[in-house]
Amino acid sequence: MKTTTAALGLLLATALVGCGGTTSEDTREAGTGSSSGDAPKVAALFTQFVDQGNWDVAGYDAFTAMCEKYDFDCDYVEEASYERAPALLRQYAQDGYAMVITHSSGYAAAIEEIAPEFPDTEFVLFSYATDTKGLDNYSAWSVDWDQAGYLQGVIGGLASPKGNISILGGEQIPSTERAMALAEKGAQSVNPDVKVSTVWTGTFVDVAKAKQVAAQTINDGADFVIPMADLAGQGVHQAAADQGALSLGEYLDENSKYPSAIVTSVTVDMEGAFDQIGEAFTNDELNGQIEQMNAQSGAFDFAPFHNVDAAVEKKAREVLDGIADGSTEIPAV
Amino acid sequence: MHSLVEAFFWASAVGLAAPILLAALGETFAQRAGVFTIGIEGLMLSGAFAAAAVSVSSGSLVVGFVAAAAITAALGGMYGAAVVLCRADQVVVGIGFNLVVLGATSLLRRQLFPTGMTVPDTSLVDRRAIPLLSDIPWLGRVLFDQNLLVYALYVLTPIAVYVLFRTRTGLLVRAAGDGAEAASAKGIRVLRVRMWVMVLNGTLAGAAGAALVLINSGGVFVDNLVDGRGYLVLALTMFARWHPAWVAVGAVLFGAADALQFVAQASFGGDVPTAVFLMAPYLLALTAWVVMGRRSNAPTDLGRPLLA
Amino acid sequence: MTGSNPPTVTAVPETPETPETPEATTTDPRRRAVSRLATLFDRPWPAITAAFVVSLGIGLLLVVLTGGGVAETVDVAARATVGSQQGLIDTLVYTTPRLLVAIGVIVALRAGQFNLGAEGQLQLGAIGAALGGAFLAPSLPGPLALPVAVAMAMVCGALWAGIAALMKVLRGCDELISTLLLNFVAVYLVQLLVQGAMKDPDSTFNQSRRVIADAELPRFGFTRLHYGFTIALVCVLLVWLLLERTSLGLRFRSIGHNAVASRYQQLDVGVLTVLAMLISGAICAVAGAGETLGVQFRLIQGFSSGFGFEGLAIAFLAALRPGRALVIALVFGGIFSAATRLQQEVGVTASLAYVVEGLPIVLLACAAGLQALRVKRRGLA
């Protein structure tokens, strides 16, 4: 015990001396760009990987494009789990970052805690939000998951040869729950007799589990599978390719991965959204707003169609245009 | 339609059981010889990473599979050197090994494969129906319309039973774990037996990891891909009472618990929370264990280094 | 005192001890009986330091191989630990949960119970703290809110650990495996609760209501270090007192040393096993309570810390001694803080920390094993 105590005392003493004598934090703050003409420091938090999957890959590409266009000094953290988020946000804010963009609705709680303490840092949530708690420095770009899901369902209803589709959700989170419920409506809107089954795999990363569950739904009769499972969706596409079913990509054009299975994707214009964020930040126009990303704002489009008749694309585009100009109503769930 | 007697349900269960069974066969030998391998989680993860990495780089699944088995055989040997030759505490080494592998695979993935790690073509390991046999009603679809690993296990499992209980090699393995000091006094080279068993354990665990990524996950490697399956292997080995045949039965039950997710959701709709299905294999393992209770045939030297 | 090599003295003849056991140097017979593990890792400080130097060297090598500069890396690592006030605070913040988990598992390990379920007990602690802080506390007088929330967490964690203990005592199920499996069940239990019974209906994500202000752990000044650190220090002291200065601690160490011998000494091994696991689970749960009441302020989906295994690693390296655990936990906190900074500024994946933390355990376990072998052979010769 004696050695322990001595060592501990020594360590703490060194630490305190080091801490008392240091000015490194001050120099770092002086070096940040918030006051001088240097590039403003901007950071992003991603829940998963910026090189695998769909949601974060597309988001990272758009984030990088924004950083280049607006000449930001950018950093990011991947696999930033929600319990690490408050620490990371605080760290970035203390380091003088001018804006932190978080790429999941799960970060809302962390922003609500940290944002009030750091009024000089802009916090942006990208995904799904309905309320920014009246904070001036907490803005959100919210994807209209109802519309996105509805459009996915429409394509499924149109493209399924036998009118039997299956939707595979990943983690059961509110945005995906809504998308799934609306997808069912969308499919029914174009094919009233369509059979829709829904399954949750409970994970966004377990490809093996998604593949196995998808194989079971296809065996059960589904000939069109819609993954809402991000990275795990790769397993769904593969099961479809193996068993001769069709599938739908997520957020970006994925056809090249499984050309025989993937019909198209409902793409989300993340590049455009991040461009808006960059512009709003540069013009000092971030003030707690929630920007909707929906058909009306032109956020949704389709990737090139494969494996189906041209009529499917034509009809799907009619629905998209209809939502955009208000002539098609999305049902309430 | 969504019933538990449906052929496809059990076919899925068998397919899901395969990697777990393969790893558990190796672990059964290891534990019979007295080595408790908490690090099997890490061995499986290394195998999965190596298989994906080499398959992507070489473009050949066969090369990837062989490389994974070879690399984890070497890792098994190193693990053995620590717990067998150096007499290091088996649990401690396992915890450390798993931490290192988790960190190292994730680090290497980012550095070596900055644009993602997906094997482009895994058609070689697709399901293949065996002619004639697959035409048997029900059973044919469950057992003979599977991937190559499942067929390999139809051969490996009986061999494991035979070797363990009917050969001199098996006798040596069991002696190394049950009365090791006495065996050592009689001139049995306990350390050598344990080392070879650890190489075997590494090989099979690595092959299981390779199967997990190449067959079950369709060639997509993600960090922490094994995600607890190694711990299920440990549990399975122990409540199957260190007998390969019971291990096989238990593995299929785990597979069924996993496959239940779809059947149950299709039958009950959204009434049952998803989390319940995700818990299912772990709850099954815990329940099975409570039911099986205390085991009298446990290798007496399980987990103990030979201090002689 | 750990460097000397006094002759081996053991209270229980079946199990020889290494000559480096500090307990063997004392004349107090109570302190001689310690679990095998405690002696296993009882290496002199130079050995522990050497193991860390080797592993930090490998860590640095990995950073350099992946494109980081040596000077830059060292600079970042220094700033993230003792080189700046912020770094020091970050280190203490990362230290807190790891230290609590380490202290928790030390109680179980000293009693011979391999509690690998710290992660699950931590999760249950987070659940309990959220239940107490968000649901129970609003109807309590203000000063009671925080103690009740922490107490709820401890009860939940203790009960979770109690499951494994009962499985062992009643059905002979190895706690090594049952605690591991319970970890996964606990993670999905959190998911179940935040999606259902505990979900905040106003939220766009699966999370519970926020805990009330009275139930929050206060923070030190304007830093992000909360009073969980103080609680952790108190736990270090209490566990040290429990193990070294009470008869209950002696009995724990006695069953940890040799359960069969303890039975002859008329210690109720079953009761002590359960008790040790309950205490262990309760302390691990405080780590979860710290996250809920000091960092997140709510229970949130995807909450899986991974502190569990790091805490075990700390306990092993500390030779199951609370005081040493504090030092090792500070080192681990520093490693994690440095790795997080390196990821942000140099672009190296933070999982580097696991490599640097895992390697010393393996190295020291090997050294300890060889030491035990030498002792045994010398004893036989």
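Predicted model: local features only at pLDDT ≥ 70, side-chain atom pairs only at ≥ 80, totals over all residues.
Student: What phi does C:Ala319, the residue that follows α13(C), take?

Tutor: C:Ala319 comes after α13(C), and its phi is positive, near 55°. Residues are numbered from 1 along each chain as its sequence is written, while chains are lettered from A and ligands numbered from 1 in the order in which they are written.

Student: How many residues of helix α13 of chain C are buried?

Tutor: Helices (H or I, at least four residues) and strands (E, at least two) are DSSP runs, numbered from the N terminus. A residue is buried if 20 or more other C-beta atoms, placed from the backbone, lie within 10 Å of its own, exposed if 12 or fewer, and partly exposed in between. The buried residues of α13(C) include C:Phe307, C:Glu310 and C:Leu317. Helix α13 (307-317) of chain C is mostly covered, with a buried count of 11 of its 11 residues.

Student: What share of the residues of chain C count as buried?

Tutor: The secondary structure of chain C comes to 15 helices and 0 strands. Among the 381 residues of chain C, the buried share is 64%.

Student: Why does C:Pro218 count as exposed?

Tutor: C:Pro218 lies in the loop between α8 (175-195) and α9 (228-245) of chain C. Leaving aside residues up to four places away in sequence, C:Pro218 touches C:His226 and C:Tyr227, where contact requires C-beta atoms, placed from the backbone, within 7 Å. C:Pro218 counts as exposed because its C-beta neighbours inside 10 Å number 10.

Student: Over which residues of chain C is the pLDDT below 50?

Tutor: The mean pLDDT of chain C is 84, and 88% of its residues reach 70 or more. One stretch of chain C has 71 contacts in the model beyond near neighbours in sequence, yet its pLDDT is below 50: residues 1-35.

Student: Which elements do the buried residues of α3(A) pack against?

Tutor: Helix α3 (residues 55-70) of chain A has 16 residues and reaches 23 Å from its first C-alpha to its last, close to the 22 Å expected at 1.5 Å a residue; the expected span is 1.5 Å times one less than the number of residues. Its buried residues include A:Trp55, A:Tyr60 and A:Phe63. These buried residues pack against β1 (41-45), β2 (73-77), β3 (99-102), β4 (122-127), β9 (246-251) and α10 (270-282) of chain A.

Student: What distance separates the centres of domain 1 of chain A and domain 2 of chain A?

Tutor: Chain A is assigned domain 1 (38-143 + 270-293) and domain 2 (145-267 + 303-325), with bounds from an automatic or database domain assignment. Taken over C-alpha atoms, the centres of these two domains of chain A are separated by 29 Å.

Student: Which element gives the largest share of the side of chain A that touches chain B?

Tutor: The contact takes 24 residues from chain A and 24 residues from chain B. On the chain A side, the elements that give two or more residues are β7 (195-200), α8 (207-219) and α9 (233-243). The largest share, 9 residues, comes from α8(A).

Technical notes:
Contact = placed C-beta atoms within 7 Å. pLDDT = per-residue confidence, 0-100.
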